[in-house]
Structures are given as C-alpha cells and as structure tokens.
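Thank you for passing this one along for comments. Below are my notes, arranged as numbered points that can be read alongside the coordinates.

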Amino acid sequence: MTSVPLVSVFSADDSTKVTAKHIPLPAVFQTPIRPDIVSFVHTNIAKNRRQAHAVNPQAGMQHSAESWGTGRAVARIPRVSGSGTHRSGQAAFGNQCRKGRMSLPIKVWRRWHRRVNIKQKRHAAASAVAATGIVPLVLARGHRISQVPQIPLVVEDKIESYEKTTDALNFLKRFGAFEDVQKVVSTKVVRAGISKQRGKKYRVRKGPLVVYFNENAKLLKAFRNVPGVEVVNVTRLNLLQLAPGGQLGRFVIWTQSAFAHLDKLFGTYRYASVLKDGYQLLRPLLTNPDLARIINSNQVQEKVQPAKTTTVLHEVQKKNPLRNTKAMDRLNPYARKQRAAAIAAIKANTKGTKKIKKNKALKKASRAAFNKVSAALNDATNAAVQEEQDIKVKYFSVQKGAAQAE
Amino acid sequence: MSQQVLWEVVKGNNAFLVKRNGLRLSTDPFNNTGVQTYSSTGFITNNAIGVVPTQAKTNQINNVNLVTRKSTKFQQADRKNKNTQSVYASTLSVKHGIHTASRVIRKRFGTRRLGLQKAALRKLVNLNRANAVRRRNEIAATKAQKR
C-alpha cells in the first residue's frame with residue numbers, strides 16, 4: 001500500500017468539527033480478518049468465566065438398595081430395601097430409574113477453563129480490532145451506525161473527563177451512537193429459561209464500546225449506566241468485547257490517545273510490538289484480495305485471450321463421416337479430391353469398352369443359365385406337386401369307396 | 001475491503017439474514033431483491049443503492065427514499081479521507097419524481113451491473129405503485145372530509 005489510510009479525530013463537543021484532520025490508521029486495522037481464528041479463540045476464552053458447579057455426589061445414592069437377583073419375575077435393577085412404604089421395592093440408583101442418580105454425575109473437577117496459545121489470542125484480538133474499522137462488518141453485526149460520521153470513530157480525549165451520565169448521553173447523541181443505545185433499550189427481553197430465576201433476568205444487546213487510555217479517566221462512571229455501552233482501557237482490550245459471540249465488528253468509539261496507543265500495543269508491519277513481547281502482526285495471504293479488480297486489471301487482461309462469443313460444443317445431429325460425404329468434407333477438406341482421384345483411378349484401370357462388353361456377355365450367359373436352372377427347378381417342383389395331388393385323390397377315393405362299400 | 005472477503009465473513013450469519021421456509025432472505029436496505037446472494041447483498045459493496053420506503057406524512061407525494069453507501073456530506077468535505085470507510089447511508093428522497101430517481105440508479109449501475117440496476121428499478125416502480133394507491137386513498141379521504 002503506497003498511500004497510508006487516514007482518519008480524522010472529531011471534537012467531543014461538535015461532531016462536525018475535526019480537531020486533527022489526518023492521523024494515519026494504526027497497522028492493526030490492516031490485519032487480515034480471520035473469523036476462523038476469532039471464533040476458535042472466542043469459544044475457548046468464553047469458557048474461562050465459568051464457575052464450577054456439580055451435582056451432589058450422594059444424590060440418588062442414599063439408599064441401601066440391592067438387586068433382588070434373578071428368579072423373582074422382576075428386572076435386576078437394585079431395589080430399595082425395607083418395607084412399610086411405597087418406596088420399598090422400587091428401583092433405585094440407575095440413571096433410568098425414578099429418583100435415581102444421573103449418569104456420569106457432574107464433578108467439580110470437570111475441566112472448565114481452556115488455555116489458548118498466546119499468539120492465537122493476540123491474532124484474534126488484532127483481527128477483531130481490524131474488523132471494528134470495517135463498516136459492513138459493523139453493520140452485519142447489527143449495530144445502528146447510519147448516523148455515525150466516520151468508522152473508525154476517533155474522538156478527542158476530552159470525553160475521558162466526563163463525569164456525568166448526561167454528558168455521556170449527549171455525546172453519544174451528537175455522534176449518532178444513540179441509535180445503537182436505543183436499539184439496546186428497545187430489545188431488552190426477559191430471558192427464556194430458568195436462568196431468569198438465577199440472576200439473569202434480562203437479555204440485553206451490546207451497544208457501543210468506548211475505549212480510553214488514561215488510567216485516571218472518569219468516563220467509566222459516566223458511561224456505565226448507559227444501557228449497552230461498555231468502557232474499556234485500550235491496554236486491556238478483550239476479545240469477548242471486541243467480537244461478542246464470536247461475531248466480528250463491534251461498534252467502537254476510540255479516544256485519540258487510545259487510538260494512538262494501538263501502534264505500540266500491536267506493532268506495525270515494520271516493527272514488532274513494543275508491549276506484546278515478540279508479537280508481529282499477521283500478514284495476509286493476499287495483499288490485494290479484490291479478485292474482480294485483479295481480473296479486470298491491465299496486467300491480466302493483456303495476457304488473456306479474447307473472450308469467445310460463441311462456443312460450439314458439437315453439431316446438432318451427429319453425421320457419420322464415413323458414410324456422409326459432406327460430414328467427411330467438413331472434417332477433411334482433402335477428402336473430396338481423394339474421392340475424385342479414386343473414381344478416376346477406377347476408370348483408368350478398366351481398359352476401354354471391350355471389357356465392359358465382355359462382362360455384359362458374361363452376364364447374359366449367366367442369366368440364361370440361371371433361367372434354365374430355375375425353369376428346370378420349376379418343372380420339377382410342379383411335377384412333384386402334381387404327383388402328390390394324384391396320390392391324395394387316389395387315397396381319399398379309396399376311402400370313399402370303402403365307406404360306400406360298408 | 002474487497003467484496004469477496006467480506007462476503008466470506010458475512011454470508012454465514014449477519015444481522016440482516018432471515019432464514020425462512022428454506023429461503024435465505026435479507027432485510028439489508030441495500031438489497032433490492034430481498035434474497036441474500038453475493039451480488040444482491042449491497043451493504044458489502046462500495047456503490048450500492050437501496051430503494052427504501054419510508055413512513056409517509058400526510059400530503060407527502062412520495063414516500064420512497066434512495067439510500068446510498070457513500071456519505072456525501074463528509075466525503076465532499078474531506079476528500080483526503082477517501083481511504084477510510086465511507087459510512088453507511090445518505091438518503092436521497094425521491095420528491096422530484098421517479099424519473100430522477102431512476103436516473104440516479106441507472107447512472108450508478110450503468111451497463112455493467114444490469115441485474116442490480118433492474119432490481120433497483122423494479123423495486124422503485126413497485127413502491128411507487130403502492131404509493132399511488134395510498135395517495136389516491138388519501139385524496140379521496142380529504143375530499144370526503146370536505147363534504
């Protein structure tokens with residue numbers, strides 16, 4: 001990239017005023033978007049907040065139940081001992097039994113947390129930060145940013161000294177971020193399921209994420225009561241906040257110093273990171289991923305053959321060239337001449353008309369002979385037929401005579 | 001960001017995707033066909049136009065807005081910033097009639113993206129037809145009121 005992308009820093013009081021016109025974009029925003037890394041890291045890191053829970057180890061097992069064995073016309077499952085109550089003789093212990101313990105009871109020592117390689121975590125964070133700078137991804141995540149003047153949104157450090165929530169609210173309204181907050185408010189729903197009885201009554205969406213730099217900033221208190229808004233220090237950027245649900249493209253509002261700090265945090269493509277020891281930003285597989293542009297570029301189009309207007313795959317009906325002269329001529333234009341030459345050669349081979357006459361005479365003779373033979377055959381067959389008839393007549397007349405005689 | 005890369009990220013799931021009856025539909029305002037496909041998904045491109053109906057006030061002739069991907073106000077003010085993302089939408093209301101609106105659409109898409117052009121124009125026409133019905137009813141209602 002020859003030209004460095006530039007970003008404006010907006011004045012906190014007036015969204016049309018720009019305090020710093022052109023700041024170069026930190027290199028993190030150029031890292032490749034890797035939803036695969038982000039989703040892998042997210043699914044694992046999301047497990048790290050889990051608190052251990054388990055089933056009572058004695059649950060379902062507090063009986064002296066024993067199997068009755070075979071021969072008593074009941075299933076062999078352990079049965080509750082004793083008498084005098086309905087419970088006695090009922091099945092116990094199995095996971096299939098009523099009041100039995102569950103199969104594979106949950107233990108406290110289940111592996112609740114996952115460790116992820118540091119490099120993967122860092123790549124995921126970098127990718128998530130890059131995604132916050134891409135408008136379609138922020139839109140695709142569902143943030144309402146149609147009134148926001150610029151993405152990434154960088155604001156002067158003045159907001160870090162906000163103490164009142166009203167200041168925070170007005171600031172959000174000025175920068176078109178209030179629409180996102182309104183979305184959060186209007187889509188607050190009572191959670192489905194038992195969790196609502198366990199302290200998670202509402203499902204609340206995520207709104208803007210405000211990233212600041214100075215540790216003494218008071219804006220945490222100003223922004224924390226605004227629904228949906230989260231505030232985080234740039235040195236403690238969290239993938240769970242940058243890509244909630246593993247979905248890239250959180251709407252982030254940066255303060256100027258936080259924005260400038262990103263280069264030190266993640267490094268650039270020329271220098272490795274200062275603060276993340278030995279971390280170098282991931283390089284993209286393709287520096288120019290715009291396939292359409294590559295294909296239509298001069299360099300490619302020069303080498304490419306001109307587009308075919310029509311491609312004929314095969315004729316409508318196949319004609320056998322060995323029998324169809326036109327088909328043969330289409331395939332082999334010399335075939336015509338070959339054929340003419342062959343005919344001429346045949347004609348040249350036959351020596352004048354004598355041979356033709358001789359052939360004719362031969363033909364006549366053979367025909368005569370044939371006729372003779374066939375005539376003789378005919379006579380013979382006729383004679384045979386006649387003989388048969390005579391015998392038949394004789395036979396039947398004899399029969400008649402015999403019948404008459406009786 | 002190139003459209004191809006963004007599509008790979010966004011095609012699986014996004015805020016506009018609605019899966020219904022085996023169809024993958026889209027509520028993306030820049031999508032004029034309603035179905036989520038690579039070419040019709042406008043919000044991942046730089047130069048989409050969405051034809052969007054708005055809540056019409058009484059006596060408003062036209063209730064259709066064109067929504068474009070370029071933020072004209074800030075782009076014009078600050079041309080050096082063309083490398084940063086042009087934010088979402090600037091709306092152009094279609095109060096001068098659908099002919100000027102269709103001109104905008106045709107100029108934007110030209111002869112190269114005919115499919116998109118036709119989809120946008122079709123939507124414009126259909127919305128205006130519906131709008132005409134609304135307008136007719138409105139006029140009839142005011143006339144009835146006067147009597």
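1. Helices, as counted here, are DSSP runs of H or I with at least four residues, and strands are runs of E with at least two, numbered from the N terminus. On that basis chain B holds 4 helices and 5 strands, and its elements follow the order α-β-β-β-β-α-β-α-α from the N terminus on. Please keep in mind throughout that this is a predicted model.

2. Among the contacts in chain B between residues at least 6 apart in sequence, 47% join residues at least 24 apart.

3. In chain A, 6 strands form an open sheet in the order 2-1-5-10-8-9, and the pairing is mixed. The edges are taken by strand 2 (18–24) and strand 9 of chain A, each of which pairs on one side only. Neighbouring strands of this sheet are turned against each other by 30° on average, with direction ignored. Within the sheet, strand 1 (residues 6–10) and strand 5 (residues 153–155) of chain A run parallel and are joined by 2 bridges, with F10(A) standing opposite V155(A) of strand 5.

4. Strand 8 (residues 209–212) of chain A deserves a separate look. Strand 8 runs parallel to strand 9 (residues 230–233) of chain A, to which 4 bridges join it, and Y212(A) stands opposite N233(A) of strand 9. Strand 8 also runs parallel to strand 10 (residues 252–255) of chain A, here with 3 bridges, and L209(A) has V252(A) of strand 10 as its bridge partner. In a regular strand the side chains alternate between the two faces of the sheet.

5. Which elements do the buried residues of helix 8 of chain A pack against? They pack against strand 1, strand 2, helix 2, strand 5, strand 8 and strand 10 of chain A. The buried residues of helix 8 are S257(A), A258(A), F259(A), H261(A), L262(A), L265(A) and F266(A). Just after this helix, G267(A) takes a positive phi of about 80°.

6. Most residues other than glycine have a negative phi, and most peptide bonds are trans. K99(A), however, has a phi near 70°; this residue lies in the loop between strand 4 (78–79) and helix 2 (118–132) of chain A and is exposed, with a relative accessible area of 55%. N21(B), which is not a glycine either, has a positive phi of about 55°; N21(B) is found in the loop between strand 1 (17–20) and strand 2 (23–26) of chain B and counts as exposed at 77% relative accessibility. The peptide bond from I151(A) to P152(A) is cis, with omega near 5°, and P152(A) is found in the loop between helix 3 (135–141) and strand 5 of chain A.

7. A search of the whole structure finds 11 salt bridges over all chains. One of them joins the side chains of E230(A) and K206(A) at 3.0 Å, N to O, and this pair links distant parts of the chain, with E230(A) in strand 9 and K206(A) in the loop between strand 7 and strand 8 of chain A, 24 residues apart. E230(A) counts as buried because its relative accessibility of 19% falls under the 20% limit, whereas K206(A), at 30%, counts as partly exposed.

8. In chain B, the side chains of E138(B) and R134(B) meet in a salt bridge of 2.9 Å, N to O. Both residues lie in helix 4 (residues 114–146) of chain B, 4 residues apart, about one turn of the helix. An α-helix has 3.6 residues a turn, so residues three or four places apart point the same way. E138(B) counts as buried at 17% relative accessibility, while R134(B) is partly exposed at 21%.

9. Finally, V190(A), Y202(A) and V204(A) form a nonpolar patch on the surface, with about 250 Å² of accessible area together. Y202(A) is found in strand 7 (residues 202–203) of chain A and is partly exposed, with a relative accessible area of 38%.

Conventions: Residues numbered from 1 in each chain as written. Chains lettered and ligands numbered in written order. Heavy atoms only, no water. Pairing = 2+ DSSP bridges. Axes fitted to C-alpha atoms, helices over the stretch in contact; angles between N-to-C directions. Contact = heavy atoms within 4.5 Å. Patch = residues over 30% accessible without salt bridge, like charges linked within 9 Å, V, L, I, M, F, W, Y side chains within 5 Å. Areas by Shrake-Rupley, 256 points an atom, 1.4 Å probe, with all protein chains shown as cover. Salt bridge = Lys/Arg side-chain N within 4 Å of Asp/Glu carboxyl O. Buried < 20%, exposed > 50% of the residue type's maximum accessible area, 1.4 Å probe, protein only.
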